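Let's take a walk through this structure together. Keep the sequence and the 3D view side by side while you read.

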Amino acid sequence: MSAATPPPALDDRCPRCGQPFHCGAQEAHCDCFELKLGEALRQQLAQQYSRCLCIACLRQLQAEQGHAAG
Ligand SMILES: [Zn+2]
């Protein structure tokens with residue numbers, strides 16, 4: 001029994017909802033890569049938050065953006 005790849009530690013905390021999560025943007029892959037966030041939303045998030053948001057918040061924001069944009 002050897003643990004080749006230990007599960008990622010939840011070493012980040014979402015600044016929006018406060019839930020612990022792990023962002024893999026510094027590594028090979030992050031869940032947020034799957035999301036097609038608009039450039040406007042990206043810049044808004046960058047100004048509003050200095051850190052990544054959890055995938056749940058990103059999905060929510062993406063959905064809201066989609067509704068708003070029609
Ligand atoms: Zn969140």
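**Starting from Asp-12**

Setting aside neighbours within four places in sequence, Asp-12 is in contact with Gln-19, Pro-20, Phe-21, Cys-23 and Arg-51, where contact means heavy atoms within 4.5 Å. Asp-12 sits in strand β1; helices (H or I, at least four residues) and strands (E, at least two) are DSSP runs, numbered from the N terminus. Is Asp-12 buried, exposed or partly exposed? With a relative accessibility of 25%, Asp-12 is partly exposed. Here buried means under 20% relative accessible area, exposed means over 50%, and partly exposed is in between (1.4 Å probe, protein chains only). Now jump along the chain: Asp-12 and Cys-54 are 42 residues apart in sequence, and their C-alpha atoms are 8.8 Å apart in space.

Before going further, a word on what you're looking at. This is a predicted model, so local features need pLDDT of at least 70 and side-chain atom pairs count only at pLDDT 80 or more, while totals for chains, interfaces and linings use all residues. Residues are numbered from 1 along each chain as its sequence is written, and side-chain values use heavy atoms, with hydrogens and water left out.

pLDDT is the predictor's confidence in each residue, from 0 to 100. The chain averages 81, and 86% of the residues score at least 70. Confidence is lowest in α2, with a mean of 81, and highest in β2, at 90. Where pLDDT is low, the predicted coordinates should not be read in detail.

Now for the overall plan. The chain has two helices and two strands, and reading along the sequence gives you the pattern β-β-α-α. Of the 70 residues in the chain, 23% are buried. Take the contacts between residues at least 6 apart in sequence: 48% of them join residues at least 24 apart.

Next, the metal. Which residues hold the donors of the zinc ion? They are Cys-14 (SG), Cys-17 (SG), Cys-54 (SG) and Cys-57 (SG), at 2.2 to 2.5 Å from the zinc ion. Donors are N, O and S atoms within 2.8 Å of the metal (3.2 Å for Na, K and Ca); water is not among the atoms, so sites may look incomplete. Along the chain, the donors are spaced as C-x2-C-x36-C-x2-C. Cys-17 is partly exposed at 37% relative accessible area, whereas Cys-57 is buried at 3%.

Finish with Leu-61, which also lies in helix α2. Leu-61 is buried, with a relative accessible area of 12%. Leaving out neighbours within four places in sequence, Leu-61 is in contact with Arg-16, Leu-41, Leu-45 and Leu-53.
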